[in-house]
Amino acid sequence: MSEKLVLIDGHSILNRAYHGLPDLTNSEGLHTNAVYGFLNIMFKILDEEKPDYLTVAFDVHAPTFRHRMFDAYKGTRKPMDEELRQQVPMIKEMLTAMGIKIVEKEGYEADDILGTLSVRAEKAGMDVAIISGDRDLLQLATDHVMVRIPKTKKTGTEIENYNTADVIEKYGVTPKEFIDVKALQGDTSDNIPGVPGIGEKTAGALIAKYHCIEAVHEDAENVKPPRASKNIVEYWEQALMSKELATIILDAPVDYEFSDAKLSGGVESLYTEEAFLLCKRYEFKNMLSRFNVEAPKNNAEEHFVVVRDLKTAESVFEKAKDREVAFAVVPGESLENSESDGQLSLFSEPVSNDYLAVSICFSEEDIYFICTGDEISSSFLDEKLNTLEVKSWISPDLKTNLHRFKSKEIKADDRGRYFDMMVAAYLINPLVGEYPYDAVAKDYLGLMLSSKKDYLGKLDFTQMMKEDEKKAVDCACYEVYTAWKSKPVLLQKLKEMNMLTLYRDIELPLVFVLYDMENEGIRADGIKLKEYGDKLAVSITELEKKIYEAAGEEFNINSPKQLGVILFEKLGLPNEKKTKTGYSTAADVLEKLAPEYPIVADILEYRQLTKLKSTYADGLSGYIASDGKIHTTLNQTITATGRLSSTEPNLQNIPIRIELGKLIRKVFLPEEGDLFVDSDYSQIELRVLAALSGDERMIEAFKNGQDIHRSTASLVFDTPFDEVTDLQRRNAKAVNFGIVYGISAFGLSNDLGISRKEAQGYIDSYFVKYPKIKEFLDQTVLDAKKNGYTKTMFGRIRPIPELNSSNFMQRQFGERVAMNSPIQGTAADIIKIAMIRVHDRLLDEGLKSRLILQVHDELLIETKEAEKDKVIKLLEKEMRGAVDMKVSMEVGTECGYDWYDAH
DNA sequence: TAAGTCACG
DNA sequence: ACGTACGTGACTTAG
């Protein structure tokens with residue numbers, strides 16, 4: 001077999017990569033997308049080709065002779081983006097680190113070098129692959145020289161391959177004739193003028209017939225179309241010059257020995273330590289795994305120890321005593337009965353909640369993967385984690401790990417001995433939403449680790465143990481190692497940012513409260529849910545019929561695309577708004593049409609009912625566990641503002657505003673014999689705003705227990721309090737909302753259906769009456785611009801990078817966020833404090849009632865009948881007393897035997 | 001997987 | 001001139 005040379009068109013591939021990928025930057029702020037994409041393409045090619053020789057050619061930056069000739073009369077080429085320019089030396093450094101031969105030659109383009117080398121290689125009997133994004137290189141294709149053009153697609157990189165036959169098939173001309181096609185057609189990006197009036201089609205057809213421009217010129221009088229016939233003569237000089245420009249030089253005087261480009265150790269020889277360090281610096285995580293063979297390991301990895309025998313396990317736990325211990329339960333099937341064959345496992349469903357192992361770390365050298373098996377049972381591990389006396393427990397994700405214990409009860413006094421890496425990292429930067437160990441290791445330890453996905457892919461720990469045990473072990477060990485090592489760094493950072501108290505007194509205790517709430521769950525009646533769904537189904541079918549009739553055909557009403565066509569094209573309804581992809585069929589658009597067009601009203605109702613059925617009736621039923629309850633997950637590290645979120649299912653968006661939807665709350669029940677007590681804060685955000693701003697008028701209104709929207713209306717519209725009309729109140733309410741959201745005249749006008757001028761009038765008037773609110777909002781934005789973040793009353797920060805955006809709209813958004821987040825965030829702080837106090841008091845006082853749900857300004861308690869009065873008192877007291885401000889916190893409480901009645 | 005829609009605070 | 005209200009999550013369609 002002949003030897004193989006891979007030639008890469010450096011700038012072309014770098015350019016492709018740069019434009020094909022989003023702007024990636026590492027933590028130093030270096031732009032890395034082009035380098036990353038280049039390496040990906042190169043590795044893909046190398047994996048396929050397994051070449052003996054490899055060379056990358058670059059243009060020297062000074063303009064070449066050929067281009068100067070033309071640039072002189074047609075202006076210069078566009079300058080390279082700064083972000084791309086920076087990456088040219090970076091890729092060269094990377095290639096050098098990999099020992100890859102780089103060729104550049106003053107006065108010659110990369111094309112010429114590639115052409116020259118491909119000819120030399122072919123003569124030496126080699127096969128050549130030329131990698132470029134540029135079709136001009138197709139002229140170099142022969143039977144032994146394949147031109148390969150990578151295309152970045154959604155599904156990954158696909159490569160088009162061209163030997164002589166492929167060029168002929170696709171373009172109808174030979175590779176050499178391709179030069180002549182270009183001479184006629186021209187190429188603006190390469191500054192080749194070509195012949196005016198001859199485009200892609202004509203050029204291809206002419207050369208297919210005549211094979212070269214000279215023949216076309218000679219037979220000019222017979223050339224069609226007439227425009228081409230005329231211009232080929234008139235612009236003959238230009239055509240000749242174009243041909244010269246388009247011709248790649250095949251005999252450039254390049255100093256080059258194949259031996260310099262030899263990959264003596266195969267592709268593996270590229271994975272050098274230097275290159276590894278560069279990949280690490282640029283944070284190319286996925287690429288690091290390629291270096292497995294020769295890569296220097298993190299020191300930690302040498303200390304990962306798999307423990308399978310009881311004696312060693314005991315000694316490890318003994319050694320961990322009284323130390324700071326990071327732990328994580330590795331979820332999966334316990335391996336303790338692994339010798340039994342399928343028979344038994346049929347019997348006992350695989351329990352995803354069981355222990356596969358426990359990973360623990362308590363020093364730089366003590367990192368263990370204690371695995372279930374013949375000697376070690378999951379109950380042994382559970383027992384150890386529950387009884388071991390340690391100085392502190394460190395967890396990468398505390399709540400999740402608490403759930404993985406078979407049994408765990410933690411007294412409020414012990415909470416301080418725990419550390420939650422995820423929650424700490426969230427407080428420091430709440431914008432990310434995800435805090436896996438590899439991200440924390442990068443941000444706070446400067447360690448580039450493979451992610452869980454890198455290690456496990458789509459497999460779970462149990463599967464990976466069978467497939468490749470080391471990967472499962474490394475993943476689990478790195479997680480606890482990161483948690484252990486990052487604790488002091490994160491705490492220091494929290495201290496520097498004045499968030500230690502927030503962490504210790506609010507967020508950390510809250511972890512345990514949320515854990516208990518998730519375990520409690522809320523009872524849901526599956527039968528009632530089914531009945532509710534069936535009832536909806538009947539109405540939906542009826543509406544469907546009516547809609548199809550009115551439309552004159554059946555279509556998918558749920559498809560905005562199809563619906564848009566029916567409404568605005570077939571039925572010719574007036575269309576106002578459009579989205580990127582077509583007509584907007586959003587509710588606010590349809591509502592305007594509904595009074596006049598019955599079909600639109602039906603569609604709106606259909607939407608409502610199908611939403612209720614799919615998301616709530618059908619959706620929720622899948623979440624009722626074997627105990628008859630729904631156990632939502634309350635996420636503590638998702639929102640930018642400090643609120644909680646609820647998933648699988650989301651119990652924070654159960655319908656209430658519309659009666660039909662509200663009925664679904666009748667399926668949410670307390671346990672047999674109990675009742676619900678439900679309290680919500682009244683106007684918590686406006687009260688927070690009043691307190692933060694210190695605006696006397698608004699504080700006074702709250703002190704007097706006035707209806708705040710009416711009071712605002714009275715001020716803004718200069719009307720005596722008792723004479724405020726419903727419309728005035730409604731408008732004032734919208735303004736109050738707008739203020740909390742970060743006011744803008746446009747938003748308000750949209751919401752109220754008034755002109756922007758009018759809306760601006762409301763806002764101006766509002767600020768005249770509440771001057772301190774204006775002052776406060778202005779100051780908040782100023783501070784946010786100065787600091788880069790906002791702060792809540794309890795010190796929670798929210799960074800707002802948008803404030804520095806060069807984009808006006810982004811900056812405007814940043815300002816609204818700056819106004820909103822201290823308000824929303826402080827409200828979130830307050831209810832979190834209330835939750836902890838309420839939860840703990842229920843326990844301390846030996847009550848059997850339990851906090852089970854939080855909906856931003858509302859707490860729901862499942863209450864024993866006998867404890868009802870106590871609970872109401874306790875709940876209201878702790879919610880009111882959670883914060884002490886110039887404005888008191890008021891709450892409203894309701895009781896009931898289902899959630900419908902209790903709210 | 002993204003976009004559109006809509007449920008909640 | 002730009003073109004939006006703040007914060008979430010689930011479901012559906014369609015590429």
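Glu 648 counts as exposed, because its relative accessibility is 56% (exposed means over 50% relative accessible area, buried under 20% and partly exposed in between, with a 1.4 Å probe and protein chains only). The model is predicted, so local features need pLDDT of at least 70 and side-chain atom pairs count only at pLDDT 80 or more, while totals for chains, interfaces and linings use all residues. Residues are numbered from 1 along each chain as its sequence is written, chains are lettered from A and ligands numbered from 1 in the order in which they are written, and side-chain values use heavy atoms, with hydrogens and water left out.

Glu 648 is found in the loop between strand S16 and helix H30, where helices are DSSP runs of H or I with at least four residues and strands are runs of E with at least two, numbered from the N terminus. Although Glu 648 is not a glycine, its phi is positive, at about 45°, and the peptide bond that leads from Glu 648 to Pro 649 is cis, with omega near -5°. Pro 649 lies in that loop as well, between S16 and H30 (659-662).

Another residue with a positive phi is Asp 718, which is not a glycine and has a phi near 55°. Asp 718 sits in the loop between helix H33 (708-716) and H34, and with a relative accessibility of 66% Asp 718 counts as exposed.

Of the atoms of DNA strand C within 4 Å of the protein, 63% belong to sugar or phosphate, and the rest belong to bases.

Several polar contacts (pairs of N or O atoms within 3.5 Å) can be followed here. Arg 816, by contrast, places a side-chain N or O atom 2.8 Å from a base oxygen of DNA strand C. Among the elements that give two or more residues to this surface are helix H27 (560-570), helix H29 (598-621), strand S16 (645-647) and helix H38 (808-844), and H38 gives the largest share, with seven residues. By class, the surface near DNA strand C has eleven nonpolar, 18 polar and eight charged residues (Ala, Val, Leu, Ile, Met, Phe, Trp, Tyr, Cys and Pro count as nonpolar, Asp, Glu, Lys and Arg as charged, and the others, Gly among them, as polar).

DNA strand B has 24 residues around it, of which Arg 607, Lys 611, Ile 656, Arg 657 and Asp 857 come nearest. Of the atoms of DNA strand B that come within 4 Å of the protein, 72% are accounted for by sugar and phosphate. Backbone N or O atoms reach phosphate oxygens of DNA strand B from Arg 657, at 2.8 Å, and from Ala 586, at 3.4 Å. The side chain of Asn 653 instead has an N or O atom 2.9 Å from a base nitrogen of DNA strand B. H29 gives the most to the surface near DNA strand B, with four residues, and this surface divides into nine nonpolar, nine polar and six charged residues.

Note on methods
Near = heavy atom within 4 Å. Polar contact = N/O pair within 3.5 Å; in protein donor to acceptor, adjacent residues only side chain to side chain.
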